[in-house]
Amino acid sequence: MFTGIVEELGEVTAVEQLSEASRFRLRGPVVTDGAKHGDSIAVNGVCLTVVETGDGEFTADVMQETLKRSSLGALHTGSRVNLERPMALGGRLGGHLVQGHVDGTGEILSRTPSEHWEIVKVSLPQNLSRYVVEKGSITVDGVSLTVVEAAAHWFTISLIPTTLALTTLGLKQAGDPVNLEVDVLAKYVERLLAAGVDPLTAKEDQQ
């Protein structure tokens, strides 16, 4: 489980194409400090398993399913990436609950700079539209953000200077793909209601 608060702006140092998979080597001295085989690290919002670590770098194998469902397939040597270690139990939840399981990809549609922040418009797949609401939370390339406006096929986010400087969102241009993860709590509520379960009634029945 992650929080969507990026710890480090890392870099892809090598990409090896395997049979129906890719092996990435990424540089991230902060997130690899103490990391070992089997640990999880979120890369642009995608939860990956560490295969090897050393000299401030780690390798991770990315299966074909992940490459199809995320924008990781577009990464190449030199690409900058957002990195985050899993949330420690008992720590502060700075963003919101993020699983690192990408729900789909969007595209940067436009950027509108202002004096103290920048408004970014992102396309939204139709199947995710119902989970995105004004003032709600969404994860874009692993960054926990608050939705400013929500429409049927797009939403906007407001990026402060810190986010622009310390994450890849400051580097993205119109037309670039981004990974999207919607709030998992909304999906659970939808599933319960579709099954005809009233959370309040269910609680009363258990008492």
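## Annotated domains and basis of the model

The UniProt record, an unreviewed entry, places the feature "domain: Lumazine-binding" at residues 1-96 and 97-193, and the record also lists "repeat: Lumazine-binding" for residues 1-96 and 97-193. UniProt positions follow the numbering used here, feature names are shortened, and such annotations may be inferred rather than shown by experiment. The model is predicted, with local features requiring pLDDT of at least 70 and side-chain atom pairs counted only at pLDDT 80 or more, whereas totals for chains, interfaces and linings use all residues. Residues are numbered from 1 along each chain as its sequence is written, and side-chain values use heavy atoms, with hydrogens and water left out.

Over residues 97-193 the chain is 16% helix and 41% strand, with the end C-alpha atoms 21 Å apart; helices (H or I, at least four residues) and strands (E, at least two) are DSSP runs numbered from the N terminus.

## Pockets

On a 1 Å grid over the protein atoms alone, a pocket is an open set of points with protein on both sides within 12 Å along at least five of seven lines, a cavity is a set where a 1.4 Å probe fits but cannot get out, and lining residues have an atom within 4 Å of a point. Grid points are joined across faces, edges and corners, and a volume is the space filled by probe spheres set on the points. The largest pocket has a volume of about 310 Å³, and of the 16 residues that line this pocket, Ile5, Val143, Ser144, Ile160 and Thr163 are the closest to its centre. Strand S10 (143-150), strand S11 (154-159) and helix H2 (161-166) are the elements that each give two or more residues to this lining, and S10 gives the most, with four residues. The lining comprises seven nonpolar, seven polar and two charged residues, where Ala, Val, Leu, Ile, Met, Phe, Trp, Tyr, Cys and Pro count as nonpolar, Asp, Glu, Lys and Arg as charged, and the others, Gly among them, as polar.

The second largest pocket has a volume of about 260 Å³, and its lining residues include Asn44, His76, Arg80, Lys172 and Asp176. That lining divides into four nonpolar, five polar and three charged residues.

## Cavity

A search of the whole structure finds one cavity of 30 Å³ or more. The largest cavity holds about 40 Å³ of space and is lined by Ile108, Arg111, Val120, Val122, Val140, Ile157, Leu159, Leu169 and Lys172. Strand S7 (104-113), strand S8 (118-123) and S11 each give two or more residues to this lining, which divides into seven nonpolar, no polar and two charged residues.

## Charged contacts

With a salt bridge taken as a side-chain nitrogen of Lys or Arg within 4 Å of a carboxyl oxygen of Asp or Glu, the count comes to ten salt bridges. In one of them Glu57 pairs with Arg25, the closest N and O atoms being 2.7 Å apart; this pair links distant parts of the chain, Glu57 lying in strand S5 (residues 57-63) and Arg25 in strand S2 (residues 21-27), 32 residues apart.

The charged end of Lys121 sits over the ring of Trp154, 4.3 Å from its centre, under a criterion that places NZ of Lys or CZ of Arg within 6 Å of the ring centre and within 35 degrees of the ring normal.
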